[in-house]
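Let's take a friendly walk through a protein model together. Have a look at the picture first, and then read on.

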Amino acid sequence: MQIKQVGNMSQVKIFNDYLKNAEEIVQLAEKEKDKFEYENCTHAITGNPTQSTFKRICLNPRTKNFDIIHSATKNLIQQWLEYLESKKMFHTHALKNVLKYSHMYRLLKYEPGGWIHPHIDWDHFVHASCTFNLNEDYTGGQFSFFNGKYNVELKTGDALIFPAD
């Protein structure tokens, strides 16, 4: 597994080829495709409530997909915190405490032309975000930070973790 920094943003990390069972997760999710729904959140620039163009499904505890993502997330957070500590630039004690439990695991599905509007993941209980890329058979789809200053493209199985603000 290779770990890469995004631009000069040392707190945003890409872990290449992190999730080995991405195809299995997609196959399990396809069995529940009728449960996918649109998501709403605030647009970061306008402040207006905005409906997504993607669909999501929240993963339920005690299911195979939940267990896979929960384990991968727990390990990813630990590796990220160790990396941040190694840089001696970040106070990670508080992060360790607030990142013990994820508030929600979900799968997002984008149809052609779908996108996510500018947003911030942070709230009182969300201090970091991570994503696992489950496929790469699409065009576009890169993550954009700081109004497009940094763009990140992920391959199948790659993981990205970053501060939620």
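Predicted model: local features only at pLDDT ≥ 70, side-chain atom pairs only at ≥ 80, totals over all residues.

Residues are numbered from 1 along each chain as its sequence is written, and side-chain values use heavy atoms, leaving out hydrogens and water.

Start with the open sheet, where three strands (DSSP runs of E, at least two residues) lie in the order β3-β4-β5 with antiparallel pairing. Strands count as paired if DSSP finds at least two bridges between them. At the edges are β3 (37–42) and β5, each pairing on one side only. Strand β4 (residues 49–58) is joined to β5 by four bridges.

Now find Arg-56, which stands opposite Leu-108 in β5. Arg-56 makes a salt bridge (a side-chain nitrogen of Lys or Arg within 4 Å of a carboxyl oxygen of Asp or Glu) with Glu-37, at 3.4 Å from N to O. Arg-56 lies in strand β4 and Glu-37 in strand β3, so this pair ties together parts that are 19 residues apart in sequence. Arg-56 also forms a salt bridge with Glu-39, with the closest N and O atoms 3.5 Å apart. A network of salt bridges links Glu-37, Glu-39, Arg-56 and Arg-106.

Is Arg-56 buried or exposed? Arg-56 counts as buried, at 15% relative accessibility; buried means under 20% relative accessible area, exposed over 50%, and partly exposed in between (1.4 Å probe, protein chains only). Leu-108, at 32%, counts as partly exposed.
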